Amino acid sequence: MQDTYIREKQDVSKTIEQGEEKLKSTAHDIQRQLVQGREQVQKLIGQADKQLHENPWPVVAGVAVSCLFLGFIVGTGRSRN
């Protein structure tokens, strides 16, 4: 009876240790992926900034058209008395 209890306790301890190892491994993987993601975002922001400084007119035109459409949508929603 005691032998069974001791074996079960050891099995539970092994399972807990394995779970802790997997959790640490997963946390390490997540940290690595966060660093890689941050680097990729910084790279993309740098590329967008460079392109925007080289040729800003498509962005200016896009904002102007977007504002025009937004004004049209908001303007047609009001009742005309």
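Mentor: Helices (H or I, at least four residues) and strands (E, at least two) are DSSP runs, numbered from the N terminus. The model is predicted, so local features need pLDDT of at least 70 and side-chain atom pairs count only at pLDDT 80 or more, while totals for chains, interfaces and linings use all residues. Residues are numbered from 1 along each chain as its sequence is written, and side-chain values use heavy atoms, with hydrogens and water left out.

Side chains of opposite charge can pair when their charged atoms come close.

For accessibility, buried means under 20% relative accessible area, exposed over 50%, and partly exposed in between (1.4 Å probe, protein chains only). Asp29 has 30% relative accessibility and therefore counts as partly exposed. Arg32 counts as partly exposed too, because its relative accessibility is 39%.

Helix α1 covers residues 2–54, and Ala48 also lies in it. With 44% relative accessibility, Ala48 is classed as partly exposed. Between Ala48 and Thr26 there are 22 residues in sequence and 32 Å in space, C-alpha to C-alpha.

Helix α2 comprises residues 57–77 and holds Val59. The relative accessibility of Val59 is 43%, so Val59 counts as partly exposed.

Turning to the whole, the protein chain has two helices and zero strands. Its radius of gyration, taken over C-alpha atoms, is 29 Å, well over the 12 Å that the globule rule gives for 81 residues, so the chain is more spread out than a compact globule. That rule is 2.2 Å times the number of residues to the power 0.38. Along its principal axes, the C-alpha trace spans about 90 × 45 × 10 Å. Of the 81 residues in the protein chain, 0% are buried.
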